[in-house]
Amino acid sequence: MHPLLLLTTSSAIVGGSSPRLRTAAVSPVLRTAVPPVLRRTARAPAPVALADDGGGGLLATLESFQSSHALLISILVAIGTRYIISEVRYRFEKPVMDELGNRVATELKPDTDRIDGLAWAKLAGCVALDLAGDASELVPVLGELTDVAFAPAEAGLLWALFKSPLVSGFGFLEEILPFTDVVPTFCIGWGPPKLLPAT
């Protein structure tokens, strides 16, 4: 649509007293300046989204929203709610989490004073058994075939030493799977019960 045509149409909407959309009268100067194709479209009223349709419309909705301050109130409520939640968490949650952290720090601290001579000897045996399991890696292809025979033996030794189905099952899988012999399963099984008894 031609810019002069839009100007006259919008001035008729804003200045008009009727809530309905009115067409503006096209001046004779405008008729000569506007090509015939646009003159035909100037006769039909153009739909305007902001026009008042008698039931309030978009302009009335925007004006009522601006005067109600709903956006400002909702932002202030959100900020206040966030502040209250953080204050409640600080006063109630923080002391509980601090106490839990202190307990975990004291209970999970390694206690080497509790380890006696028998436990140290058991660690030496675990290191030797882990080295024996890793020895199969010295022969690249044949070594992995020997793991099939050593896997049940390792699981049985782990059961005899630690009485844990989890540790013995992990040892069996570690030995039977290819390229996992470097995992020190015996030392891992010895460490947590001796160094971290709370676990």
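**Cavity, pocket and helix contacts**

Reply: Helix α6 provides the largest share of the lining of the second largest cavity, four residues. A cavity is a set of points on a 1 Å grid over the protein atoms alone where a 1.4 Å probe fits but cannot get out, and lining residues have an atom within 4 Å of a point.

Me: What kind of model is this?

Reply: The model is predicted; local features need pLDDT of at least 70 and side-chain atom pairs count only at pLDDT 80 or more, while totals for chains, interfaces and linings use all residues. Residues are numbered from 1 along each chain as its sequence is written, and side-chain values use heavy atoms, with hydrogens and water left out.

Me: How many helices and strands are there in the protein chain?

Reply: There are nine helices and zero strands. Helices are DSSP runs of H or I with at least four residues, strands are runs of E with at least two, and numbering starts at the N terminus.

Me: Which elements each supply at least two residues of its lining?

Reply: These are α6, α7 (142-162) and α8. The lining includes Leu129, Asp130, Phe150, Glu154, Glu175 and Phe186.

Me: And what is the lining of that second largest cavity by class?

Reply: It has four nonpolar, one polar and six charged residues. Ala, Val, Leu, Ile, Met, Phe, Trp, Tyr, Cys and Pro count as nonpolar, Asp, Glu, Lys and Arg as charged, and the others, Gly among them, as polar.

Me: Take Glu175 from that lining. Is Glu175 buried or exposed?

Reply: Glu175, in helix α8, has a relative accessible area of 1% and is therefore buried. Buried means under 20% relative accessible area and exposed over 50%, with partly exposed in between (1.4 Å probe, protein chains only). Buried residues make up 18% of the 199 residues in the protein chain.

Me: Which residues is Glu175 in contact with, leaving aside neighbours within four places in sequence?

Reply: Glu175 contacts Gly133, Ser136, Asp147, Phe150, Ala151, Glu154, Thr180 and Asp181, where contact means heavy atoms within 4.5 Å. Thr146 lies 29 residues from Glu175 in sequence, and their C-alpha atoms are 9.6 Å apart.

Me: New topic. How do the axes of α6 and α9 cross?

Reply: The axes of α6 (residues 117-134) and α9 come within 7 Å and cross at roughly 155°, so the two helices are roughly antiparallel to each other. Axes are lines fitted to C-alpha atoms over the stretch in contact, angles run from 0 to 180 degrees between N-to-C directions, and those over 145 degrees count as roughly antiparallel.

Me: Which residues in α6 and α9 meet?

Reply: On the α6 side are Ala119, Trp120, Lys122, Leu123, Cys126, Val127, Leu129 and Asp130; on the α9 side are Thr185, Phe186, Cys187, Trp190 and Lys194. They divide into nine nonpolar, one polar and three charged residues. Leu129, Asp130 and Phe186 also belong to the lining of the second largest cavity.

Me: What about the second largest pocket: which residues lie nearest its centre?

Reply: Val167, Ile188, Gly189, Trp190 and Pro193 do, out of 13 lining residues. A pocket is an open set with protein on both sides within 12 Å along at least five of seven lines. α9 gives the largest share of this lining, seven residues, and about 200 Å³ of space lies in the second largest pocket.

Note on methods: Grid points are joined across faces, edges and corners, and a volume is the space filled by probe spheres set on the points. Angles under 35 degrees count as roughly parallel, over 145 as roughly antiparallel, 65 to 115 as roughly perpendicular and the rest as oblique.
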